[in-house]
Amino acid sequence: MQLDEFDRKIIAALREDARMPVAQIAERAALSATPVSRRIKRLEDEGVIRGYAPVLDPRKLGLELEAYVLINLNAHIDENIARFEQAIAENPHVIACHAVTGDMDYLVRVMARNVEHLSQITLRTLLRIPGVRDVKSIIVLETVKETQPVPLD
(Lines give C-alpha, C1' and ligand atoms only; values in the text may rest on other atoms or scores of the structure.)
Protein backbone atom coordinates (compact mmCIF):
# COMPACT_ATOMS: atom_id res chain seq x y z
CA MET A 1 0.00 0.00 0.00
CA GLN A 2 1.29 3.44 -0.92
CA LEU A 3 1.31 5.99 1.89
CA ASP A 4 1.05 9.68 1.10
CA GLU A 5 2.24 12.60 3.20
CA PHE A 6 -1.08 12.77 5.11
CA ASP A 7 -0.99 9.05 5.95
CA ARG A 8 2.57 9.43 7.25
CA LYS A 9 1.57 12.37 9.46
CA ILE A 10 -1.40 10.44 10.81
CA ILE A 11 0.78 7.42 11.58
CA ALA A 12 3.42 9.65 13.21
CA ALA A 13 0.77 11.16 15.49
CA LEU A 14 -0.60 7.72 16.41
CA ARG A 15 2.92 6.46 17.14
CA GLU A 16 3.39 9.33 19.54
CA ASP A 17 0.08 8.66 21.28
CA ALA A 18 -2.36 6.07 19.93
CA ARG A 19 -5.07 7.56 22.16
CA MET A 20 -4.68 11.02 20.65
CA PRO A 21 -8.08 12.49 19.73
CA VAL A 22 -8.90 12.56 16.02
CA ALA A 23 -9.20 16.36 16.15
CA GLN A 24 -5.61 16.64 17.37
CA ILE A 25 -4.37 14.18 14.71
CA ALA A 26 -6.26 16.19 12.10
CA GLU A 27 -4.53 19.36 13.23
CA ARG A 28 -1.11 17.72 12.88
CA ALA A 29 -1.95 16.26 9.48
CA ALA A 30 -3.44 19.55 8.20
CA LEU A 31 -6.74 17.87 7.40
CA SER A 32 -10.20 17.99 8.93
CA ALA A 33 -11.36 15.29 11.34
CA THR A 34 -13.62 13.42 8.88
CA PRO A 35 -10.93 12.61 6.30
CA VAL A 36 -8.52 11.69 9.11
CA SER A 37 -11.09 9.25 10.55
CA ARG A 38 -11.58 7.75 7.09
CA ARG A 39 -7.83 7.42 6.55
CA ILE A 40 -7.30 5.78 9.95
CA LYS A 41 -10.11 3.31 9.15
CA ARG A 42 -8.54 2.57 5.74
CA LEU A 43 -5.09 2.06 7.32
CA GLU A 44 -6.67 -0.37 9.82
CA ASP A 45 -8.72 -2.18 7.14
CA GLU A 46 -5.67 -2.55 4.88
CA GLY A 47 -3.69 -3.98 7.80
CA VAL A 48 -1.10 -1.19 7.89
CA ILE A 49 -2.25 -0.49 11.45
CA ARG A 50 -2.63 -3.91 13.06
CA GLY A 51 -3.75 -2.78 16.48
CA TYR A 52 -3.16 -0.57 19.48
CA ALA A 53 -1.40 -1.70 22.63
CA PRO A 54 0.21 -0.13 25.69
CA VAL A 55 4.01 -0.14 25.86
CA LEU A 56 4.88 -1.84 29.14
CA ASP A 57 8.05 -1.49 31.19
CA PRO A 58 9.17 -5.09 31.88
CA ARG A 59 11.25 -4.06 34.91
CA LYS A 60 8.20 -2.53 36.59
CA LEU A 61 6.53 -5.92 36.12
CA GLY A 62 9.42 -7.79 37.76
CA LEU A 63 10.99 -8.98 34.51
CA GLU A 64 14.59 -7.88 35.02
CA LEU A 65 16.26 -10.14 32.48
CA GLU A 66 15.95 -10.28 28.71
CA ALA A 67 17.60 -13.02 26.67
CA TYR A 68 17.75 -14.31 23.14
CA VAL A 69 17.65 -18.07 22.87
CA LEU A 70 18.88 -19.85 19.76
CA ILE A 71 17.18 -23.19 19.17
CA ASN A 72 17.86 -26.11 16.82
CA LEU A 73 15.41 -28.87 16.07
CA ASN A 74 16.64 -32.44 15.67
CA ALA A 75 14.68 -32.88 12.42
CA HIS A 76 12.84 -30.44 10.18
CA ILE A 77 9.68 -32.46 9.82
CA ASP A 78 6.24 -30.89 9.91
CA GLU A 79 5.33 -32.59 13.20
CA ASN A 80 8.39 -31.20 15.04
CA ILE A 81 7.91 -27.72 13.63
CA ALA A 82 4.19 -27.63 14.51
CA ARG A 83 4.79 -28.97 18.02
CA PHE A 84 7.62 -26.48 18.63
CA GLU A 85 5.70 -23.49 17.29
CA GLN A 86 2.63 -24.41 19.35
CA ALA A 87 4.70 -24.69 22.55
CA ILE A 88 6.34 -21.33 21.82
CA ALA A 89 2.97 -19.68 21.13
CA GLU A 90 1.68 -20.91 24.51
CA ASN A 91 4.71 -19.72 26.53
CA PRO A 92 3.99 -16.29 28.09
CA HIS A 93 7.69 -15.55 28.65
CA VAL A 94 8.49 -15.88 24.95
CA ILE A 95 7.71 -12.47 23.48
CA ALA A 96 9.03 -13.11 19.96
CA CYS A 97 10.13 -16.08 17.90
CA HIS A 98 11.68 -16.02 14.44
CA ALA A 99 12.68 -18.84 12.10
CA VAL A 100 16.20 -17.87 10.99
CA THR A 101 18.96 -18.79 8.57
CA GLY A 102 22.39 -19.99 9.65
CA ASP A 103 23.45 -22.56 12.21
CA MET A 104 20.30 -22.34 14.31
CA ASP A 105 16.63 -22.78 13.37
CA TYR A 106 14.90 -20.26 15.65
CA LEU A 107 15.73 -17.06 17.50
CA VAL A 108 13.49 -16.65 20.55
CA ARG A 109 13.24 -13.50 22.70
CA VAL A 110 12.52 -14.29 26.34
CA MET A 111 11.69 -12.07 29.33
CA ALA A 112 12.46 -13.53 32.76
CA ARG A 113 12.58 -12.39 36.37
CA ASN A 114 16.26 -13.29 36.81
CA VAL A 115 18.92 -15.82 35.74
CA GLU A 116 17.33 -18.60 37.80
CA HIS A 117 13.97 -17.99 36.11
CA LEU A 118 15.66 -17.98 32.67
CA SER A 119 17.25 -21.30 33.60
CA GLN A 120 13.83 -22.73 34.47
CA ILE A 121 12.34 -21.46 31.20
CA THR A 122 15.25 -22.90 29.22
CA LEU A 123 15.83 -26.22 30.98
CA ARG A 124 12.30 -27.10 32.08
CA THR A 125 10.38 -25.71 29.14
CA LEU A 126 12.28 -25.00 25.94
CA LEU A 127 14.64 -27.99 26.08
CA ARG A 128 11.74 -30.30 26.89
CA ILE A 129 9.77 -29.46 23.77
CA PRO A 130 9.78 -32.69 21.75
CA GLY A 131 12.05 -32.29 18.72
CA VAL A 132 14.35 -29.66 20.25
CA ARG A 133 18.00 -30.69 19.92
CA ASP A 134 20.06 -27.71 21.03
CA VAL A 135 19.51 -24.46 22.96
CA LYS A 136 21.94 -21.55 23.40
CA SER A 137 21.15 -18.44 25.44
CA ILE A 138 22.43 -14.90 25.06
CA ILE A 139 21.65 -12.56 27.97
CA VAL A 140 21.09 -8.89 27.19
CA LEU A 141 23.35 -6.66 29.27
CA GLU A 142 22.09 -3.32 27.99
CA THR A 143 19.64 -2.18 25.34
CA VAL A 144 21.32 0.39 23.12
CA LYS A 145 18.35 0.95 20.80
CA GLU A 146 14.84 -0.40 20.68
CA THR A 147 12.07 1.10 18.62
CA GLN A 148 8.59 -0.17 18.02
CA PRO A 149 7.87 1.84 14.89
CA VAL A 150 8.48 0.27 11.53
CA PRO A 151 10.41 2.66 9.22
CA LEU A 152 8.11 4.46 6.78
CA ASP A 153 10.44 4.88 3.81
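**View 1. Asp-7 sits in helix α1, residues 5–16.** Helices here are DSSP runs of H or I with at least four residues, strands are runs of E with at least two, and both are numbered from the N terminus. The model is predicted: local features need pLDDT of at least 70, side-chain atom pairs count only at pLDDT 80 or more, and totals for chains, interfaces and linings use all residues. Residues are numbered from 1 along each chain as its sequence is written, and side-chain values use heavy atoms, with hydrogens and water left out. Asp-7 has 1% relative accessibility, so it counts as buried. Buried means under 20% relative accessible area, exposed means over 50%, and partly exposed lies in between (1.4 Å probe, protein chains only). Beyond its neighbours within four places in sequence, Asp-7 contacts Gln-2, Arg-39, Arg-42 and Leu-43. A contact is a pair of heavy atoms within 4.5 Å.

**View 2. Ile-49 occupies the loop between α3 (33–45) and β1.** Ile-49 is buried because its relative accessible area is 13%. Residues up to four places away aside, Ile-49 touches Leu-14, Leu-43 and Glu-44. Asp-7 lies 42 residues from Ile-49 along the chain, and their C-alpha atoms are 11 Å apart.

**View 3. Ala-30 has a positive phi of about 60°.** Ala-30 is not a glycine. Most residues other than glycine have a negative phi. Ala-30 belongs to the loop between α2 (22–29) and α3. With 59% relative accessibility, Ala-30 counts as exposed.

**View 4. The largest nonpolar core holds 18 residues.** Such a core is a set of buried Ala, Val, Leu, Ile, Met, Phe, Trp, Tyr and Cys residues joined through side-chain atoms within 4.5 Å. Ile-71, Phe-84 and Val-108 have the most contacts inside the core. Two or more residues come from each of β1 (65–73), α4 (78–90), β3 (106–112), α5 (115–126) and β4 (132–139). Strand β1 gives the most, with 5 residues. A second, separate core has 13 residues, including Leu-3, Met-20, Ala-29 and Ile-40.

**View 5. Arg-133 lies in strand β4.** Its relative accessibility is 52%, so Arg-133 counts as exposed. Neighbours within four places aside, Arg-133 contacts Asn-72, Leu-73 and Asn-74. Arg-133 and Asn-74 are 59 residues apart in sequence, yet 4.8 Å apart from C-alpha to C-alpha.

**View 6. The whole protein has 5 helices and 4 strands.** From the N terminus, the elements run α-α-α-β-α-β-β-α-β. The C-alpha atoms fill a box of roughly 55 × 35 × 25 Å along the principal axes. The radius of gyration is 20 Å, whereas a compact globule of 153 residues would have one near 15 Å. That radius is taken over C-alpha atoms, and the globule rule is 2.2 Å times the number of residues to the power 0.38. Of the 153 residues, 29% count as buried. Among contacts with a separation of 6 or more, 65% join residues 24 or more positions apart.
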